[in-house]
Amino acid sequence: MSTTATGTKWWSGGRSPFNVEYGKLMMWYFLMSDAFTFGAFLISYGTIRFSANSWPDPNVVFQSFPFLGSGLPLLFVSLMTFILIISSVTMVMAVHAGHRGDKKAVVWNLVWTILGGLAFLGCQAWEWTHLYHEGAWWGSNPFANADGSTGHQDFTNFFFTITGFHGFHVFSGVVINVIMLIMTLNNVFEKKGHYLMIEKAGLYWHFVDLVWVFVFTMFYLV
Amino acid sequence: MEQTAHADTKAGRREIWRVTIILSVLTIIELAIGFGMYLWVHEDGFLRAFLKGVIIILMLAKAFYITAYFMHLGHELRNMIMTVVVPLSLFIWFIIAFLYDGASYKHLRNTYDKGFKERTTEKTHQGSDHGKKDLKDVQPQPKTEAPPGPAH
Amino acid sequence: MSNEAVLHSHDVHSHDDHHGHHHHESFISKYVFSQDHKMIAKQFLITGMVWAILGGLMSVLFRFQLGYPDAEFTWMKDLLGKWVNDKGQITAESYYSLVTIHGTVLVFFVLTAGLSGTFANLLIPLQVGARDMASPFLNMLSYWFFLAASLVMLSSLFVETGPFSGGWTAYPPLSALASAQPGSGTGMDLWLIAMALFVVSSLLGGLNYIATILNMRTKGMSMTRMPLTIWALFFTAILGVLSFPVLLSGFILLIFDRNYGTSFYLSDIFITANNVGALPNEGGNAILYQHLFWFLGHPEVYIIILPAMGMVSEVLSVNSRKPIFGYMAMVGSLFAITILAFLVWAHHMFVTGLNPFLGAFFVLLTLLIAVPSAIKVFNWLTTIWRGSIRFTPAMLFAIGFVSLFISGGLTGIWLGNSALDIHLHDTYFVVAHFHIVMGVAGIFGMFCGIYHWYPKMYGRYLNNTLGYIHFWVTLAGAYLIFWPMHYSGLAGMPRRYYDYAQWESFKQFGDLNKFITIVAMIVFAVQLLFLFNFFYSIWKGRKVRSQNPWGATTLEWTTPINPGHGNWPGEIPEVHRWAYDYGKDGQEFIPQTTPVGSNETNHH
């Protein structure tokens, strides 16, 4: 936990009980709120799945890879997952570099994070286009259920809604990171004397990664 | 910087790499299980449910590592960890009640709406392993039509 | 490390603000785009009051229809245009629109934004000893999102096809299919946009309230020294932050169902109107929407009632000149209510097809709420027990709140039973229950707060005589309106009917309905009296001469009578004791800022 001396009166007022500035606190509680948004989506998806007699098999639906053709379940989504994990790693390094006040490292790690985010969005764009050409879209599911019955309508509906909502978060995360990059390059944080803003952007970015862990599992694996 | 591990740059960096490797390994195990299910475990039964359970546990482990280390929550004060973790326990009842009622809805319809049961269990395709190519022949492509119903 | 500097940089900043402010405060930055929490509170309050009047007027209009279904008021045609038919009666469609918008507006705009928006903004910084909210800018945005939501909702009243008319809960398929009824088209679109904006507003506000209460307390203000108002507003904010996003998700799925051909909530639907026929949607689950809606909807009733509870606790203690009875039990019961609020949502859905076995758990959890509620009620009663009570209007409204909370809460125990609910659901019994326990009680809490803190808001008093008239007529009126509804509800009279005269079984209640309508009009008229009192007193009310007119212990009364931006001209005072040292050691009250004396008894 923390190495701070015990006996500090964290709660007696005049200071933050958690030793964090209010912005970070607000970011954390915003993320919890957002967790309930995503949670509600995923739980709704689960509810509909539990109320269906059968459901399409994701391994049959998601089995294509650009230039390699089809018959490769899980491969493309693995790539997307690793891209997001790696971009999370570079984001952590940017935050740490910020703590050290190492501007150059902040800049490079942010650049890598942004590139990772863009790569993920590119992958998603490819996957969506591919599915669209197979006839999948909101209100249209060409994929049969695993037991061979007519495909459940909400399979694609949920897929596009939830991955779309996640993609929207990735997109806004990229925008936030670009703003952070510009601010870093303009020495805004150097003048402030701290890089805490990057830490908050980092929290948001990791949250996007965190959500993907759930979306990935729920849509592609189980 | 009195309080934390990240002040020590080297330890911090080591921690990042350790967590990265753990996350990667967990993901690879998940993928292996998923691929194994695709190859060998087709029937809905105990084994499939068990493997899905394992995947979900691995998912939660990944979530733990991301939150605790990447989002740095593990290094915050205990009380702050509590304010984040405790409210998340609301999800337990949230999930149980929703899914239970979803399953109950299926049961209701299968019992009292024979038409529903027939429509949703009738085999219109020859099993899913043959891929989408056959499906396209049977399934209309509503993408080109006007969206159904509610849009006006 | 730099963290400490950051933690306190805000204080320094707003301190500078305070000194710098006097020269460059234009009308726009002071009254319109204000970042001062006190001004934002007034903005919330006055917008909320406008909505309360509009929502109240709607109820008078549909009560008109219920009380006088056969009357022919052709003059209404001139006033309301096509909402009224040629015979001079409100049309069935506009009747349903009125009921729907009345519910939405009163629940969200008045009793959520108007109540917790006003008092969280006004009281949190003042009572915890902060110069302003953690983020004054986001706080300002919170109001502007609320105003935008208000304007969109208001505009839906003027749409040709009318505002949404499928009930404030907006269940699909009525809310999902534009062809379901006239209001389900553009009216519903605007309703959804307004509500989405409202969710954003509530999120921005809630995050700010939580961060301020945790981080910005002045020195010495430990959590257990906070007034109960702050505790209540704290839990209210938590409820909002965790439950509104679920509603938003539900709305997003609904938007897809409406516009993009999805079937999240739709299955097996056949529409006869306009030869639409069978819809292709299959596999959706309308109960899913209800689950999502009530996952917010139930916490929402506590979002309404908790701030009222907090203010009532404070006002009862101040005006009984006694410490609040069982402070920790009060905090604990607020906490218990907050937790339980998230666990009981499906008791609104017992007869919708919810699994009855699951329902049994919801019954159990629901009935558990009686425990913390009873703790609170008994603590309020023991707080005023043998106190030297000052019957100010605020105190009367606080006592009225307790009375209403008891009489409305008891019927909640009936309705929490899934078996009784088979008979009682969707009857006037339910209408009576939630109007008394949430609607009127919430409004009473709001009035209590307004009368009590008006001197802090405007530096003047409200007129007492008008206040007493306002209180007694409203209290008697509320009971006269809603008591009879228990009776007709038990007799099976359903809600949401346009004209009961056509039913042999409900005809007998015609005179009762007429009576209720007359009382409703009187009560509404008295609210206009309050409105007059409010605005008249802003400019002409008796001036507040002393810094601490109620002899209260809390920090807001240590500020100047008309505090500027930054609240305290000098240093923020330090706190040495809890907020309820009344009648201690022979002193009438001891402000929180007074240091503990060497020979004081049992110190908190």
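This is a predicted model: local features need pLDDT of at least 70, side-chain atom pairs count only at pLDDT 80 or more; totals for chains, interfaces and linings use all residues.
1. Arg386(C) counts as exposed, because it has 8 C-beta neighbours inside 10 Å, and the cut-off for exposed is 12 or fewer. The residue sits in the loop that links helix 12 (370-384) to helix 13 (393-415) of chain C. Its backbone deserves a look too: Arg386(C) is not a glycine, yet its phi is positive, at about 55 degrees. For context, most residues other than glycine have a negative phi.

2. Arg321(C) lies in the loop between helix 9 and helix 10 (327-341) of chain C. Is Arg321(C) buried, partly exposed or exposed? Arg321(C) has 15 C-beta neighbours inside 10 Å, so it counts as partly exposed.

3. Pro172(C) and Pro173(C) are joined by a cis peptide bond, with omega about 5 degrees. As background, most peptide bonds are trans. Pro173(C) belongs to the loop between helix 6 (136-156) and helix 7 of chain C.

4. Helix 7 of chain C is mostly covered, with 24 of its 30 residues buried.

5. What is the angle at which helix 7 of chain C packs with helix 8 of chain C? The angle is about 150 degrees, and the two axes are 8 Å apart. Helix 7 of chain C is therefore roughly antiparallel to helix 8 of chain C. Their crossing is left-handed. In the contact of helix 7 of chain C with helix 8 of chain C there are 21 nonpolar and 3 polar residues, and no charged ones.

6. Now to where chain C meets chain A. This contact takes 42 residues from chain C and 36 residues from chain A. On the chain C side, two or more residues each come from helix 1 (2-20), helix 7 (186-215), helix 8 (228-259) and helix 9 (286-320) of chain C. Helix 8 of chain C gives the largest share of that side, 9 residues. Sorted by class, the side of chain C that touches chain A holds 22 nonpolar, 17 polar and 3 charged residues.

7. Of its 222 residues, 59% count as buried. Among contacts in chain A between residues at least 6 apart in sequence, 68% join residues at least 24 apart.

8. Within that chain, helix 7 (residues 196-221) of chain A has 26 residues. From first C-alpha to last it reaches 37 Å, close to the 38 Å expected at 1.5 Å a residue. Because 22 of its 26 residues are buried, helix 7 of chain A is largely enclosed by the rest of the structure.

9. Chain A also touches chain B: 57 residues of chain A are in contact with 60 residues of chain B. At least two residues of the chain A side come from each of helix 1 (22-50), helix 2 (58-61), helix 3 (75-100) and helix 7 of chain A. Which helix of chain A gives the most to this side? Helix 3 of chain A does, with 10 residues. The side of chain A that touches chain B comprises 29 nonpolar, 24 polar and 4 charged residues.

10. To finish, here is a helix pair between those two chains. Helix 3 of chain A and helix 1 (residues 9-40) of chain B cross at roughly 170 degrees, and their axes come within 11 Å. The two helices are therefore roughly antiparallel to each other. Residues making the contact include Ile85(A), Val89(A), Val92(A) and Met93(A) from helix 3 of chain A, and Gly12(B), Ile16(B), Thr20(B) and Leu23(B) from helix 1 of chain B. The contact of helix 3 of chain A with helix 1 of chain B divides into 7 nonpolar, 8 polar and 1 charged residues.

Note on methods
Residues are numbered from 1 along each chain as its sequence is written. Chains are lettered from A and ligands numbered from 1 in the order in which they are written. Helices (H or I, at least four residues) and strands (E, at least two) are DSSP runs, numbered from the N terminus. The expected span of a helix is 1.5 Å times one less than its number of residues. A residue is buried if 20 or more other C-beta atoms lie within 10 Å of its own, exposed if 12 or fewer, and partly exposed in between; C-beta atoms are placed from the backbone. Two residues are in contact if their C-beta atoms, placed from the backbone, lie within 7 Å. Ala, Val, Leu, Ile, Met, Phe, Trp, Tyr, Cys and Pro count as nonpolar, Asp, Glu, Lys and Arg as charged, and the others, Gly among them, as polar. Axes are lines fitted to C-alpha atoms, for helices over the stretch in contact, and angles run from 0 to 180 degrees between N-to-C directions. Angles under 35 degrees count as roughly parallel, over 145 as roughly antiparallel, 65 to 115 as roughly perpendicular and the rest as oblique. A crossing is left-handed if the near helix is turned anticlockwise from the far one by less than a right angle, and right-handed if clockwise.
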